[in-house]
Amino acid sequence: MARLLLFNKPFNVLSQFTDADMRETLANYIRDKGVYPAGRLDRDSEGLLLLTDDGKLQARISEPKHKLAKSYWAQVEGQIT
């Protein structure tokens, strides 16, 4: 059975477990081994991130060729032009 983790990724954290520049990553928060993010959030974004140990599920969610519909909510500062 696949393991699924839901993680509320904080601002300024990379959606990966390692970084050569020593920036904050998922490894600072998630100790479970063998799970990988299904999708990405930019470093300057925060929000829900799904992690799984199921490679097929991760590919189904992440690979653009599958055209999986996703919804995003955004908050912006200032006036939108």
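The model is predicted, with local features needing pLDDT of at least 70 and side-chain atom pairs counting only at pLDDT 80 or more, while totals for chains, interfaces and linings use all residues. Residues are numbered from 1 along each chain as its sequence is written, and side-chain values use heavy atoms, with hydrogens and water left out.

**View 1. Three strands form an open sheet in the order E1-E3-E2.** Pairing in the sheet is antiparallel. Strands (E, at least two residues) and helices (H or I, at least four) are DSSP runs, numbered from the N terminus. Two strands pair if DSSP finds at least two bridges between them. E1 and E2 are the edge strands, each pairing on one side only. Between E1 and E3 there are six bridges, in the antiparallel sense. E2 and E3 pair over two bridges, also antiparallel.

View 2. Thr52 of E3 has a residue opposite it on either pairing. Leu4 stands opposite Thr52. Tyr36 also stands opposite Thr52. Phe7 and Tyr29 form an aromatic pair. A search of the whole structure finds one such pair. The two rings lie 5.6 Å apart, centre to centre, with 45° between their planes, and the pair is tilted. Rings of Phe, Tyr and Trp (its six-membered ring) pair if their centres lie within 6.5 Å; planes under 30 degrees apart count as stacked, over 60 as edge-to-face and the rest as tilted. The pair links distant parts of the chain, 22 residues apart. Phe7 sits in strand E1 (residues 4–9), and Tyr29 in the loop between E1 and strand E2 (36–37). Phe7 is buried, at a relative accessible area of 14%. Tyr29 is partly exposed, at 37%. Buried means under 20% relative accessible area, exposed over 50%, and partly exposed in between (1.4 Å probe, protein chains only).

**View 3. The largest pocket holds about 600 Å³ of space.** A pocket is an open set of points on a 1 Å grid over the protein atoms alone, where a 1.4 Å probe fits, with protein on both sides within 12 Å along at least five of seven lines; lining residues have an atom within 4 Å of a point. Grid points are joined across faces, edges and corners, and the volume is the space filled by probe spheres set on the points. The lining has 22 residues, and the closest to the pocket centre are Leu41, Glu46, Gly47, Leu48 and Tyr72. Strand E3 (47–52) and helix H1 (55–62) are the elements that give two or more residues to this lining. E3 gives the most, with four residues. By class, the lining divides into 12 nonpolar, six polar and four charged residues. Here Ala, Val, Leu, Ile, Met, Phe, Trp, Tyr, Cys and Pro count as nonpolar, Asp, Glu, Lys and Arg as charged, and the others, Gly among them, as polar.

**View 4. Asn12 has a positive phi, near 70°.** Most residues other than glycine have a negative phi. Asn12 lies in the loop between E1 and E2. Asn12 is partly exposed, at 33% relative accessibility.

**View 5. Met22 has a positive phi, near 60°.** Met22 is also found in the loop between E1 and E2. Met22 counts as exposed, at 73% relative accessibility.
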